[in-house]
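The following exercises are to be worked through with the sequence and the three-dimensional structure at hand. Each task is followed by a solution in steps.

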Amino acid sequence: MTDRVVKLSIRSLFLWAVMSIATVSLVISAGLSMYTQVKSYRQEIELSIVTLAKLIGQSSANSLIENNAIYLEEQLNNLAFADQILNVHIYKSLESYQSLDTKVVSFASYNKAGEYLIASKENQLADLASSPQFISENDFLEVSERIYDQKTGGVLGWIYIRMSADSFNKLVGESFLLTLSAMCVLLLLSFLLAVRFQRMVTSPIERLADFLQRTSRQRDYSARIENSSIRELDILSDSVNVMLVRIQEYMQKQRQAEEQHRRLNASLEEMVNQRTMALKSANQELIQTLEKLHQFQRQIVQNEKMASLGDMVAGVAHEVNTPIGLGVTASTMMLDRIAVIEKDFENKTLKASAMKRFLEESNENLNIIYRNLNRAAELISSFKQVAVDQSSESNRTFCFAQLVNEILLSLQPRLKKLKHNINVNCDPTLCVETKAGPINQILINLIMNSVIHGFENIEKGEIDIIAELATPEKFKLVYRDNGKGIPDDIRKRIFDPFVTTKRGQGGSGLGMHLVYNLVTQALNGSITLTSEEGQGVEFVIIFPIASAKSV
């Protein structure tokens, strides 16, 4: 048994909305008004007690100077006519009048008849002097003021006044009752106005609802609703009339379509066969298109490999030109020096010092030629091994640390102008048997991704390459950098083809897709990514190996 859903009417919602807004507005305005009035009453009574304290204090100054307590108490008894004054204490300073913080003793006092005597306030005079204080539990107001000598300006003593707050409480109560009465009257008026306005709104809506129900039962779509005096409901009535016109037109077209359908029913089977053949043809074209798309994608991935290899060739060629150029320069210098020595020898003017200098220069030039030719040979050897690995997917046994060094050497032309550090953490004696080509391509793509994307606008970045055996049959390669990381919207699709943040700037979006294919297909392994924007990236690659040993 389902629960019955309680639905509210527009009438109820209108009344609730108007009354809620009116109530909240009145409560806020009444609260602000009450707060302002109470604050004003409080300031007024505080000002009156402070003024009274100053007046009584000044009139008591002569009595304190003359030490005439009896006369002062007679003067204070005149305060019996002030109903609000409950207690008045006069305290006299014992020390120099020039000091503000002197010890005081009780000098004279006044206590209203019928009131309890209060204890001495000697220790509270300084606190009460800052501002009047309300004693809420007894409805009293207390204040103290210093009594100054008009001639010398010294402090003669203190005056303490305790005043009833009944007048303040009475004013607050009367203000509260007046505000509450006004709120009730205004809420009643708001309710009456809301009832009148909701009738003006709901009556045309009820007429519109009755019209729609009657039209739905009778299916008389030629009927039209009359306009109302409310603009919004008038717009709604026009919209209903337009809907009825379109329904009427639709019904006519539906009858015509049914008639046409009956006429075409005989040729339906032929039409179905034609559609079936067209669908088969479209499916065949779609399959061919998908095959071409896969071929195109494989070709693009292959082009990406060759482009990477081409960049490496250009970089290594440029790097090899430097040592070869130095060797050519050194050999040219040697040929020039040999020609000079040969001429001096034929002319029999060759000196021992010149021969000695020639031998020293020859030794230096030969060392330059040897070092640069050896450097060129190392570069070519490393490039040759990297190029062979990239074009081959067969297993071979190699030292993993040496493979990483060869990759970094082949990338040296592109990395030497940058200040990024690449740290390799791998056992230099660890040799594994697996496919070197995919590993080569994976590391090149990851390093160039960090340089191009991760270290964009970063002058000096850090790259860590950690290699170790996860198990005797599996190898674990961890690659991380401290670059700017990968945004959330890109990270979820990082291994999809054509996903790049350098669209239109030379980025193809195939680098990470190629890495994923090499790990999962060529190496039969797995790759996981951990990255947060601004926190760098970490790739963990695990793949099986044929064997591993330490040399």
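Helices (H or I, at least four residues) and strands (E, at least two) are DSSP runs, numbered from the N terminus. The model is predicted.

**Exercise 1. Two asparagines in loops**

Locate Asn457 and state whether it is buried or exposed. Then do likewise for Asn67.

Solution.

Step 1. Asn457 is found in the loop that joins α11 and β9. Its phi is positive, about 65°, although the residue is not a glycine.

Step 2. Most residues other than glycine have a negative phi.

Step 3. The relative accessibility of Asn457 is 79%. Exposed means over 50%, so Asn457 counts as exposed.

Step 4. Asn67 belongs to the loop between α2 (61–66) and α3 (69–77). It also is not a glycine, and its phi is positive at about 60°.

Step 5. With a relative accessible area of 47%, Asn67 is partly exposed.

**Exercise 2. The packing of α9 and α11**

Describe how helix α9 and helix α11 pack, and determine which residues meet.

Solution.

Step 1. Helix α9 covers residues 400–410 and helix α11 covers residues 436–454. Their axes are 10 Å apart and the packing angle is about 50°.

Step 2. Angles of 65 to 115 degrees would count as roughly perpendicular and those under 35 degrees as roughly parallel. The two helices, α9 and α11, are therefore oblique to each other. The crossing of α9 past α11 is right-handed.

Step 3. On the side of α9, the contact involves Phe400, Leu403, Val404, Ile407 and Leu408. On the side of α11, it involves Ala436, Ile439, Asn440, Leu443, Ile444 and Ile447. Sorted by kind, the residues of this contact are ten nonpolar, one polar and no charged.

Step 4. Eight of the eleven residues of α9 are buried, so this helix is largely enclosed by the rest of the structure. Among the buried residues are Phe400, Leu403, Val404, Ile407 and Leu408; Glu406 and Ser410 are also buried.

**Exercise 3. The five-stranded sheet**

Give the order of the strands in the open sheet of five strands, and explain why one side of β7 and of β11 is left without a neighbour in the sheet.

Solution.

Step 1. The order is β7-β9-β10-β12-β11, and the pairing is mixed.

Step 2. Strands of a sheet pair through backbone hydrogen bonds, either parallel or antiparallel.

Step 3. β7 (421–425) and β11 (526–531) stand at the edges and have a single partner strand each, so one side of each lacks a neighbour in the sheet. On average, neighbouring strands of this sheet are turned by 15° against each other, direction ignored.

Step 4. Within the sheet, β10 (residues 474–481) and β12 (residues 537–544) pair in the antiparallel sense over eight bridges. Tyr479 has Phe539 in β12 as its bridge partner.

Step 5. Helix α9 lies across β7, β9 and β10, and runs at about 165° to β7. Helix α11 lies across β7, β9, β10 and β12, at about 15° to β10.

**Exercise 4. The three-stranded sheet**

Identify the order of the open sheet of three strands and the helix that packs on it.

Solution.

Step 1. The order is β6-β8-β13, with antiparallel pairing. β6 (395–399) and β13 (547–550) stand at the edges, each with a single partner strand. Neighbouring strands here are turned by 20° against each other on average, direction ignored.

Step 2. Five bridges join β6 and β8 (residues 430–435) in the antiparallel sense. Arg396 stands opposite Thr434 in β8.

Step 3. Helix α11 packs on this sheet and touches β6 and β8. Its direction makes about 100° with that of β8.

**Exercise 5. A hairpin**

Determine how many residues lie between β4 and β5 in their hairpin, and how many residues of β4 are buried.

Solution.

Step 1. Strand β4 (residues 140–148) and strand β5 (residues 155–164) pair in the antiparallel sense over nine bridges. Arg146 stands opposite Trp158 in β5.

Step 2. Six residues lie between the two strands of the hairpin. In the turn, Gly153 has a positive phi of about 80°.

Step 3. Seven of the nine residues of β4 are buried, and the strand is mostly covered.

Technical notes:
Residues are numbered from 1 along each chain as its sequence is written. This is a predicted model: local features need pLDDT of at least 70, side-chain atom pairs count only at pLDDT 80 or more; totals for chains, interfaces and linings use all residues. Side-chain values use heavy atoms; hydrogens and water are left out. Axes are lines fitted to C-alpha atoms, for helices over the stretch in contact, and angles run from 0 to 180 degrees between N-to-C directions. Angles under 35 degrees count as roughly parallel, over 145 as roughly antiparallel, 65 to 115 as roughly perpendicular and the rest as oblique. A crossing is left-handed if the near helix is turned anticlockwise from the far one by less than a right angle, and right-handed if clockwise. Contact means heavy atoms within 4.5 Å. Ala, Val, Leu, Ile, Met, Phe, Trp, Tyr, Cys and Pro count as nonpolar, Asp, Glu, Lys and Arg as charged, and the others, Gly among them, as polar. Buried means under 20% relative accessible area, exposed over 50%, partly exposed in between (1.4 Å probe, protein chains only). Two strands pair if DSSP finds at least two bridges between them.
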